[in-house]
Amino acid sequence: MEQIEKSLLPSLEDIPPIAPCKNEPPMPIDSLIKLYSKSSKYYAVLLGDKGDPAFAGKMKNEIKSKLMEQVQADSKEMIEIDYTLEYMLSAMIGILTYWFKNNGNISQEDLVALMYRFTNRSSLQSLAEKLLH
């Protein structure tokens, strides 16, 4: 099991660089989803209810460490960046887990669009707008 988990953790080459653009968030959501879609059956098991509870943490820590290698900032900014990445990766892994659990009940493109919308606007704002309409 450990060998399978290790093979599914992304390498530095698998993780796209953080590239802040004016109209897009710096997290390459679509690239990460494509990466995990390649082995979706394994992720669905490992991240599912009967999977390895520690795997999501391993995955998040691996991605975060690779992304932090790309960042140049002072120590105060690094702490904020670390918390931001923790928040974003937790949300992304949570959404991917939910998507796998629901057998991809929305298309990959719709999932990417939804995640970008949550990233560009607060998820609470998005939810409030949906509930009010």
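Accessible areas here come from the Shrake-Rupley method with a 1.4 Å probe, and for residues only the protein chains shown count as cover. On that basis, the protein exposes about 8800 Å². Carbon and sulfur atoms supply 56% of that area.

Now the ground rules. This is a predicted model, where local features need pLDDT of at least 70 and side-chain atom pairs count only at pLDDT 80 or more, while totals for chains, interfaces and linings use all residues. Residues are numbered from 1 along each chain as its sequence is written, and side-chain values use heavy atoms, with hydrogens and water left out.

Let's start with the overall layout. The protein has seven helices and zero strands. Along the sequence, the pattern reads α-α-α-α-α-α-α.

How much of the protein is buried? Buried residues make up 32% of the 133 residues. Buried means under 20% relative accessible area, exposed means over 50%, and partly exposed is in between, with a 1.4 Å probe and protein chains only.

Next, contacts, meaning heavy atoms within 4.5 Å. Take contacts between residues at least 6 apart in sequence. Of these, 64% join residues at least 24 apart.

On to helix H5. H5 has 27 residues. From its first C-alpha to its last, H5 reaches 38 Å, close to the 39 Å expected at 1.5 Å a residue. That expected span is 1.5 Å times one less than the number of residues. At the start of H5, a side-chain oxygen of aspartate 74 comes to within 3.1 Å of the backbone nitrogen of lysine 76. Just after H5, asparagine 103 takes a positive phi of about 55°. The buried residues of H5 include Leu85, Met88, Trp99 and Phe100.

Helix H4 is next. H4 has 14 residues, which should span 20 Å, and its end C-alpha atoms are 20 Å apart, which agrees. Its buried residues include Phe55, Met59 and Ile63, and also Lys60 and Lys64.

Now the core. A nonpolar core is a set of buried Ala, Val, Leu, Ile, Met, Phe, Trp, Tyr and Cys residues joined through side-chain atoms within 4.5 Å. The largest one has 24 residues. Which residues have the most contacts inside it? They are Ile33, Tyr36, Tyr43, Leu47, Met59, Leu96 and Phe100. Helices H2, H3, H4, H5 and H6 each give two or more residues to this core. H5 gives the most, with seven residues.

Two of those core residues deserve a look. Tyrosine 43 lies in helix H3. At 3% relative accessibility, tyrosine 43 counts as buried. Tyrosine 43 and phenylalanine 100 are 57 residues apart in sequence, yet 7.5 Å apart in space, C-alpha to C-alpha. Then there is leucine 47. Setting aside residues up to four places away in sequence, leucine 47 touches Phe55, Ala56, Met59, Ile93, Thr97 and Phe100.

Finally, charges. A salt bridge is a side-chain nitrogen of Lys or Arg within 4 Å of a carboxyl oxygen of Asp or Glu. How many are there in the whole structure? The search finds five.

One joins lysine 101 and aspartate 49, with the closest N and O atoms 3.6 Å apart. Lysine 101 lies in H5 and aspartate 49 in the loop between H3 and H4, so the pair ties together parts that are 52 residues apart in sequence. Both residues are exposed.

Another joins aspartate 52 and lysine 58, at 3.8 Å, N to O. Lysine 58 counts as partly exposed, at 27% relative accessibility.

Lysine 64 is in H4, glutamate 86 is in H5, and they sit 22 residues apart. Is lysine 64 buried or exposed? Lysine 64 is buried, with a relative accessible area of 12%. Glutamate 86 is partly exposed, at 27%. Salt bridges that share partners join Lys60, Lys64, Asp82 and Glu86 into one network.

Last stop, lysine 60, found in helix H4. Lysine 60 is buried too, with a relative accessible area of 16%. A polar contact of 2.8 Å joins the side chains of lysine 60 and glutamate 86. A polar contact is a pair of N or O atoms within 3.5 Å; within protein, one must be able to donate a hydrogen and the other to accept it, and residues adjacent in sequence count only if both atoms are side-chain atoms.

Technical notes. Helix = DSSP H or I, 4+ residues; strand = E, 2+ residues; numbered from the N terminus.
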